[in-house]
Every structure is written in structure tokens, then in C-alpha cells.
Amino acid sequence: MSRQSLTKAHNKITELSWEPTFATPATRFGTDYTFEKAPKKDPLKQIMRSYFPMEEEKDNRVFGAMDGAIRGNMFRQVQQRWLEWQKLFLSIIPFPEISAARAMPMAIDAVPNPEIHNGLAVQMIDEVRHSTIQMNLKKLYMNNYIDPAGFDITEKAFANNYAGTIGRQFGEGFITGDAITAANIYLTVVAETAFTNTLFVAMPDEAAANGDYLLPTVFHSVQSDESRHISNGYSILLMALADERNRPLLERDLRYAWWNNHCVVDAAIGTFIEYGTKDRRKDRESYAEMWRRWIYDDYYRSYLLPLEKYGLVIPHDLVEEAWNRITNKFYVHRVAQFFATGWPVNYWRIDGMTDADFEWFEDKYPGWYSQFGKWWEAYNRLRYPGRNKPIAFEEVGYEYPHRCWTCMVPCLIREDLVVDKVDGQWRTYCSETCAWTDKVAFRPEYEGRETPNMGRLTGQREWETLHHDRDLADIVADLGYVRDDGKTLIPQPHLDLDDPKKLWTLDDIRGIRFASPNVTLNQMSDQEREEWAAAYRANPNVTVA
Amino acid sequence: MTSSAKTRSFPKVEFTDSEAGALEFPSSKSRAYNYFKPAKLRATVYEDVTVDVQPDPERHLSQGWIYGFADGPGGYPQEWTAAKSSNWHAFLDPNEEWEQTIYRNNSAVVRQVSLCLENAKRAGAYGNWNTAWQKFIARNLGAWMHAENGMALHVFTSIQRSGPTNMINTAVAVNAAHKMRFAQDLALFNLDLSESLDTFDGSVHKEVWASAEEWQPTRKVVEELTAVGDWAELLFGTNVVFEQLVGQLFRSELVMQISATNGDYITPTIVGTGEHDYSRDLGYTRALFRLLTRDERFGGTNRELFGQWLAKWVPPCLEAAYALQPIWSQPAEKARTFADSLAATKEKFTQLLEEIGLDTPKELDK
């Protein structure tokens with residue numbers, strides 16, 4: 001279709017909408033934003049006649065590659081270290097995708113611009129595509145990879161696991177609360193525009209380096225839809241900026257969305273990339289380097305900063321602090337260590353780090369070994385059952401962390417711990433911004449202004465509390481993280497499948513009591529709590545020998 | 001002097017022998033998603049990629065929804081409809097829609113429509129259209145495309161946020177895609193006709209939809225449907241009542257029946273795709289509401305509820321149908337009477353209600 005024909009066709013399609021006079025569409029999802037003064041922006045010229053064949057062609061390439069991978073025995077050269085982490089990643093990601101589809105009518109409800117509704121509805125179909133194509137990729141892994149355990153319980157495990165919960169907010173944040181906060185700022189302006197770069201571009205790169213070329217095939221195909229979604233988000237953002245009353249809300253939401261995405265996505269993807277790879281070439285980019293390129297330069301400098309010309313206050317401090325946490329405060333490494341500490345309640349196996357890994361980490365993140373080296377050596381020493389308990393229950397100088405009430409990643413940068421009594425309960429937060437998110441942002445009033453549509457933090461947010469004071473073996477059995485012999489655990493702190501004696505069973509973890517740090521915290525006196533918090537912040541949590 | 005070649009750096013291929021079957025150990029043969037019970041012995045791809053992707057506190061979700069609305073829980077509360085089910089997850093889309101089916105099926109339609117339009121232009125097919133038929137298409141098919149677009153964006157796109165399971169919401173999302181494509185196909189057909197025929201009024205559809213007397217009750221029902229907050233009522237009112245009494249009446253019992261006798265073989269090809277979509281979409285709708293009327297615990301209250309919805313939506317849809325009666329007289333060749341079309345429509349509607357397990361509402365005879 002020529003450009004002229006395309007313009008004509010698009011103009012014709014815009015004639016389909018009309019101003020209702022008998023009744024207006026129900027507003028199911030409210031927003032505190034106003035769009036009365038908004039100019040009508042028409043971002044996405046999408047015609048279904050070209051959309052469907054284009055996506056079909058993309059699909060054909062994906063499914064052709066899948067056939068090729070099986071015929072070419074791709075799994076002969078896939079690194080297990082890598083594919084084990086996919087059990088976690090691919091259990092999480094289809095939910096945010098489908099949530100993005102479900103978020104589109106919220107944006108349609110909130111934005112009175114028929115011209116953008118078409119683009120949002122197309123995005124809805126894209127997101128159904130992404131969710132189901134990712135579920136199908138996982139099925140292929142389950143069918144062809146040496147160890148299907150963990151893939152086979154995927155969506156159940158996602159729904160009852162401590163790490164799944166961290167990932168779940170990436171999707172739940174899209175579909176609840178203020179429609180613009182959720183479906184525009186959190187989902188499109190921050191998650192899709194910034195963080196899909198590391199999710200769908202940087203991570204596939206690492207997959208390929210580990211013998212897995214299906215993940216890049218599927219996720220690059222997914223990413224090729226994202227640019228259209230980014231333009232949807234940008235159009236709504238510009239419309240919102242037209243009204244001065246939206247400015248404080250936009251600034252609030254940019255702070256929340258940026259920080260929550262950083263806490264959650266960097267924790268997960270950073271771990272997958274840095275600890276899931278066997279590729280330790282020194283000239284391979286570290287996650288920090290990828291982040292600098294994809295998020296700091298591409299998103300922050302090229303997308304966020306130009307918004308300042310509209311008078312919007314950009315959260316420079318939080319961008320810099322995220323960078324500081326990734327580089328100087330070892331955020332990703334502390335998360336990976338925490339995931340590995342918690343291996344008995346995972347549904348994937350975690351490979352220990354070797355001398356080659358140590359050398360690479362030290363090169364990329366100077367000071368890494370003195371902080372983490374001895375702990376990973378202890379992890380390897382304690383990897384088989386029989387003579388010891390799982391590392392979390394052995395004395396290796398590692399104090400189990402408290403959970404951040406907001407982002408649910410634990411308070412791993414210990415000096416940044418915030419403790420406060422909120423809604424009648426003592427809560428811990430990983431950072432001042434996560435404390436602000438709970439105490440200030442997700443409330444019915446913001447800076448003296450009523451925000452009745454803002455969402456709420458709900459649910460049993462502290463996973464450990466759900467299982468407090470129970471036997472570890474009972475917890476794991478109830479979660480369903482047991483293999484089909486009824487006793488061998490799905491998770492293992494190593495990759496050795498060749499000897500049954502190396503595999504942990506329920507018997508090996510029976511008799512260990514599991515405790516919630518938050519329950520203990522709420523039982524402390526004021527003085528005990530203050531002393532405890534000071535000690536928590538002061539403890540470098542380093543394994544010495 | 002030659003510069004030294006840059007050393008290329010690339011990851012090393014390593015044979016890891018990580019193929020299925022390389023070793024035997026517990027769960028080494030566990031190669032099926034095991035957290036749901038498939039409808040048959042072996043799960044279909046559709047079930048594998050759809051079931052439980054949207055978590056549910058009643059199924060596995062141990063910590064509940066972690067983000068909520070200001071005035072209620074997050075996620076997908078079952079209270080968002082008055083209809084009740086003892087197991088919403090029992091619904092499976094009979095069309096088994098997922099990514100591949102969406103693009104394969106719709107691309108096939110795109111190819112069919114595109115070929116048809118190309119051939120029509122090549123053959124000068126529109127040249128045979130008399131003035132009355134041109135006017136009929138410009139006004140009436142033109143008006144109808146607004147209804148299709150309204151349903152796409154404000155009925156089906158909207159519903160797919162609210163259903164309590166992923167299987168329901170995904171089926172409805174595909175319904176939205178069908179409607180959007182079909183509405184656009186009609187609009188682009190209108191554009192083609194404007195460019196091919198000097199006498200075709202390609203813009204009159206806006207005025208007809210906005211103010212022509214015969215179309216106002218139809219527009220009124222579409223707008224009133226979009227104002228419904230209960231997602232199941234919205235789906236019922238649209239796919240069970242409006243689409244039967246107005247959509248099918250216009251598309252199937254009028255346009256499809258009379259186009260050929262008016263020298264038009266193009267319109268039925270395009271409108272037929274919309275009919276085909278509706279047939280598929282009615283399949284999942286029928287399955288869903290049949291599940292609800294047959295529910296052991298809530299079947300009775302659901303039937304009563306759907307009876308109320310019929311009483312609410314049948315009268316305005318019938319009013320819309322009767323208001324359209326004059327357009328049956330507009331073509332030069334009047335191959336079918338309004339009475340015949342309406343009778344056939346009512347018969348199909350009655351049959352659908354029977355399949356769902358509902359009585360024919362008394363309002364249908366008024």
C-alpha cells in the first residue's frame with residue numbers, strides 16, 4: 001500500500017468512531033487524571049488488513065526456528081545453568097503480558113480520544129500474542145530439555161512462590177488502581193519503554209551465548225511489537241501533560257513506576273543475565289554495562305530527559321540511585337545470593353559459581369570477591385545432602401534478610417533499611433522510595449489533594465509469614481516442589497543429575513523450622529527493634545571463612 | 001603497511017548433552033503441565049498456553065492479589081458480574097483461540113477480502129451497480145460499520161479486562177479483534193467504492209449513523225450496551241441478543257440474501273467474513289452461557305438472571321430491528337421481505353436460547 005493510500009485508509013478508519021448521544025461507555029476504571037484540555041494525539045496508524053499478515057509472517061519465522069531448533073538438537077548445547085533460570089523467568093513473564101492486554105480497556109476508559117483507542121485495542125491483541133507464544137516456548141523447553149521439573153508446574157509455582165510474587169507485581173501493577181498510573185505510566189511509559197530493553201533485547205543476547213537461540217527468536221519477535229506500544233504510551237503522556245493539574249500525579253507516578261520497575265526487573269533480569277550465563281569473556285557486557293546502554297542512555301537520556309522541556313520534573317535522583325545500587329551497592333549480586341540462599345523453596349536448580357565466574361565478577365564489579373566469594377565457596381561446599389543442611393540453615397555468616405513490604409525484594413542493601421509502623425504493623429522497606437510508595441503514593445490523598453482512584457497495596461505481602469513456624473519439608477511438599485518419585489526436590493543447589501545421592505529429598509530438609517522475620521519484628525519491644533535495626537544496617541553480611 | 005586484524009570475540013559452543021532423555025532421574029519424563037486437568041486425556045496447545053496464566057486465589061494463588069483498587073480487591077473479582085459459577089475455570093473456548101489461530105484465521109480473511117477487492121476492480125464489477133444499490137450500500141452498510149467498531153472497542157475490548165479467567169478473557173479479546181478487522185474492512189470497502197464510482201457517496205454513512213431515523217434505535221442499543229458495567233450482561237446483551245436480533249438480521253438475512261440479485265458479488269464476500277466471525281464468536285458465547293445455566297449450584301439463579309437480561313435487551317433490539325424495516329424497500333431488486341427476514345432471525349434466536357437452556361422471552365412476540 002502506498003503512503004498516500006495508507007494515509008487515506010487511516011483517515012477512513014478514523015471515521016468509524018462517533019460521539020455518543022444516547023449513552024456513554026461505562027467508566028469501569030477511574031483515574032484522577034484529567035484530559036479535558038488534552039489535544040487529540042493519534043499515535044498509531046494501524047490497519048488490521050496489514051496487521052494480521054505482518055504478525056502471521058513473524059509467527060511463521062518463530063515457529064520455523066522452533067522446528068529448526070528441535071531438528072538441530074539445540075538442547076545438546078544449551079547450558080543448564082541458563083535454562084534452569086528460565087523456569088523462573090518463563091513462569092513470570094506470560095502474566096505481565098496478558099495483564100498488559102487486560103490493561104488496555106482501562107486506558108481506553110480513561111482517555112477520551114477515539115483516535116488512540118484503535119492503537120490500544122491492537123496492543124491488546126499483541127499482548128495476547130506475547131503471553132501465549134511465551135507459554136508455548138516454555139512448553140517446548142519442557143518437552144526437549146533434560147530436566148522438565150519446574151517447567152511442568154510452572155503457573156502453579158509462579159502463583160505460590162516468593163520469587164513469583166516479586167515478579168507478579170510487574171503484571172498486577174498494570175491492571176489495578178488509577179487507570180493512567182497503571183496502564184500508562186507504570187506499564188507503557190516505564191515498563192515497556194525502559195525495561196523491556198533489558199528483558200527482551202539484552203537477555204536474549206545472553207541466551208544465545210548459552211546455546212539457546214529460541215529465546216532470542218521469540219523475544220525479539222515480541223520486542224518488535226513494543227515500539228508500537230511505546231508510541232501509545234507517549235501519546236497519552238503528552239495528552240496528560242497538557243493539563244497542569246496532572247503534573248503532580250505524573251511526577252508521583254514516574255517516581256513510583258521507575259523505582260518499582262528498577263527494584264523488580266533489575267533484580268530478576270540482572271540475576272538471570274549475570275548468574276545464568278557461562279559466557280565469561282571479559283569483553284562481554286555485564287548487566288551494569290547493558291543497563292547503562294539500554295536504560296540510562298537510551299531511555300533516561302533520550303526519552304525521559306526531553307520531557308523536561310514540558311516542565312515535568314524527572315526523577316533524576318532515582319535514576320542515579322538505581323545506577324548506584326547496580327554498580328556500587330551490588331544490588332543484582334545480593335539478589336542472586338538471596339535466590340541461591342533460598343534454593344529449597346525454589347522450583348529450579350541453581351548452579352554454583354566457579355573460579356572462572358569469580359574472576360569475571362571481580363573484573364566487572366571490583367570488590368565482588370571480598371563481598372561474595374567466600375559465600376559462594378560455602379554454597380558449593382554445602383551443595384550435597386547428607387552431611388549438612390541447606391546453606392540458609394547453616395552458619396555461614398549470612399543473616400536471612402527482611403522482606404521489603406512494597407517491592408517484595410528483600411532489604412538486601414542493609415544500610416538502606418527503613419523500618420516503620422504503617423497501618424498498625426511494623427514493616428520493613430528496602431529503601432526510602434519503597435517506604436514512600438506505601439506510605440504516601442498509594443493513598444487516597446496526595447499532597448493535600450484527593451486521589452480516590454489510586455490503588456492499594458493488598459494481599460498477604462510477606463511470603464515468609466504465610467509459612468511461619470512450619471517444617472520446611474511440609475512447606476515444600478505443600479507448594480508442590482517435589483519430583484514425581486514423591487520425595488526428591490525439584491530445586492537443587494547444583495546441576496548434577498547423574499547420581500541420586502546428590503539429590504536432596506524431603507527427608508534431608510525435615511525437622512528444619514521456617515521462620516518469618518516480620519513476625520519476629522512485630523514481637524519486639526521498641527528498644528529491641530531499634531537495636532535490631534541498627535545491627536541490621538551495620539551488618540555487612542559477609543561470609544568470612 | 002597493513003593494520004592488524006581485530007580479534008573477534010564470540011562465545012564458545014559447548015556440547016552439554018542437555019537433551020531430553022540424556023539421563024533418567026525423578027521427573028525426567030514429566031513432560032506435561034501438571035497443575036490443571038485437561039478436558040480430554042491430553043492437554044491441547046490451547047489449554048497449555050491459556051489455563052492458569054491469569055492466577056486466581058481459588059487456584060494456587062497463595063498470597064492473594066498484591067495490588068488492589070481503592071474500593072476493592074485487584075485481579076479479577078467474581079463480583080464483577082451478577083452471574084455465578086461454581087467453577088469459572090470449567091469454561092474452555094471451543095475455538096481454542098491462541099496466538100497462532102488468531103493470525104492464521106484473520107490473515108486468511110484478509111487474503112480473501114483483498115483478492116476479492118482486487119478482482120472486483122480488475123473486472124469493473126462496481127460498474128453494474130445501479131443507483132439504488134449504491135445508495136443502499138453507502139447508507140446502510142456504511143452505518144453498520146460504526147456498530148461493529150463500537151462493539152470492538154467498547155464492548156469486547158472492555159469485557160476482556162473483567163472476566164474471572166484467562167480462558168474467558170482471551171476468547172473475548174479475539175472477538176474484539178474480529179470486530180475491529182471487520183469494521184475496518186467495511187470502511188476500506190467504502191473507500192474503494194468512493195474511488196471507483198463517481199456517484200458513490202462515501203461520507204454519507206456518518207450522517208446516517210448519527211441521525212437517519214431508521215438507524216437511531218440501533219445506535220441507541222449499541223451505546224446503551226457500552227454503558228453496561230456487568231461484563232457478563234454486556235456479553236449476553238451483545239452476542240446473544242443484539243447480534244442475533246439486529247446483527248444477523250441485517251448482515252445475514254438482508255445483505256447476504258439480496259446482494260447477488262442486485263448485481264453485487266463483492267459485498268456478500270466481505271460481509272460473509274463478519275458472519276463467519278460471529279459464528280465462531282457465538283460458539284464460545286454459547287458454551288459459556290450454557291455452562292452457567294447448567295451449573296449445579298447456580299444454574300437456577302443464572303437462568304432467572306438471564307431471563308431478566310432478555311427482558312431488558314430484547315425490546316430495544318426488536319425496536320431497532322423494526323426501525324430498520326424501511327431499508328428492505330430501498331434496493332431495486334427486493335428479493336426478500338422484512339417479515340421473512342425477521343421470522344428467520346427470530347427462529348435462529350429461539351434456537352440459540354434453547355441451546356443455552358433458556359425460555360423464549362415473551363417480549364419476542366410483542
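Biologist: At 5% relative accessibility, does Asn541(A) count as buried or exposed?

Modeller: This is a predicted model, in which local features need pLDDT of at least 70 and side-chain atom pairs count only at pLDDT 80 or more, while totals for chains, interfaces and linings use all residues. Residues are numbered from 1 along each chain as its sequence is written, chains are lettered from A and ligands numbered from 1 in the order in which they are written, and side-chain values use heavy atoms, with hydrogens and water left out. Buried means under 20% relative accessible area, exposed over 50%, and partly exposed in between (1.4 Å probe, protein chains only). With its 5%, Asn541(A) therefore counts as buried.

Biologist: Where is Asn541(A) in chain A, and what is its phi?

Modeller: Helices (H or I, at least four residues) and strands (E, at least two) are DSSP runs, numbered from the N terminus. Asn541(A) sits in the segment after α21 (526–538) of chain A. Most residues other than glycine have a negative phi. Asn541(A) is not a glycine, yet its phi is positive, near 55°.

Biologist: Asp423(A) also has a positive phi; is Asp423(A) buried or exposed?

Modeller: Asp423(A) has a phi of about 50° and is not a glycine. Its place is the loop between β1 (418–422) and β2 (425–429) of chain A. Its relative accessibility is 55%, so Asp423(A) counts as exposed.

Biologist: With which side chain does the side chain of Asp126(A) make a polar contact?

Modeller: Asp126(A) lies in helix α5 (residues 114–144) of chain A and is buried, with a relative accessible area of 0%. A polar contact is a pair of N or O atoms within 3.5 Å; within protein, one must be able to donate a hydrogen and the other to accept it, and residues adjacent in sequence count only if both atoms are side-chain atoms. At 2.5 Å, the partner of the Asp126(A) side chain is that of Tyr51(A).

Biologist: Which residue of chain B does Asp126(A) touch?

Modeller: Contact means heavy atoms within 4.5 Å. Leaving out residues up to four places away in sequence, Asp126(A) touches Tyr51(A), Glu55(A), Asp225(A), Arg228(A) and His229(A) in chain A, and in chain B Tyr103(B).

Biologist: Is Asp264(B) buried or exposed?

Modeller: Asp264(B) is in the loop between α7 (231–258) and α8 (267–293) of chain B. Beyond four places in sequence, Asp264(B) touches Trp129(B), Trp133(B), Ile137(B) and Ser259(B). The relative accessible area of Asp264(B) is 0%, so this residue is buried.

Biologist: How many residues does α3(B) give to the lining of the largest pocket?

Modeller: On a 1 Å grid over the protein atoms alone, a cavity is a set of points where a 1.4 Å probe fits but cannot get out, and a pocket is an open set with protein on both sides within 12 Å along at least five of seven lines; lining residues have an atom within 4 Å of a point. The largest pocket is lined by 29 residues, with Pro20(A), Pro25(A), Pro112(A), His117(A) and His154(B) nearest its centre. At least two lining residues come from each of α4 (94–110) and α5 of chain A and α3 (131–159) and α6 (216–226) of chain B. The most come from α3(B), which gives four.

Biologist: What is the volume of the largest cavity?

Modeller: Grid points are joined across faces, edges and corners, and a volume is the space filled by probe spheres set on the points. The whole structure has nine cavities of 30 Å³ or more. The largest pocket has a volume of about 600 Å³, and for the largest cavity the value is about 130 Å³.

Biologist: How many charged residues are in the lining of the largest cavity?

Modeller: Ala, Val, Leu, Ile, Met, Phe, Trp, Tyr, Cys and Pro count as nonpolar, Asp, Glu, Lys and Arg as charged, and the others, Gly among them, as polar. The lining of the largest cavity includes His10(A), Glu115(A) and Gln184(B). Four of its residues are nonpolar and six are polar, and the number of charged ones is one.

Biologist: What share of the 366 residues in chain B is buried?

Modeller: Chain B has 10 helices and one strand. Its C-alpha trace spans about 80 × 75 × 40 Å along the principal axes. The buried share of its residues is 61%.
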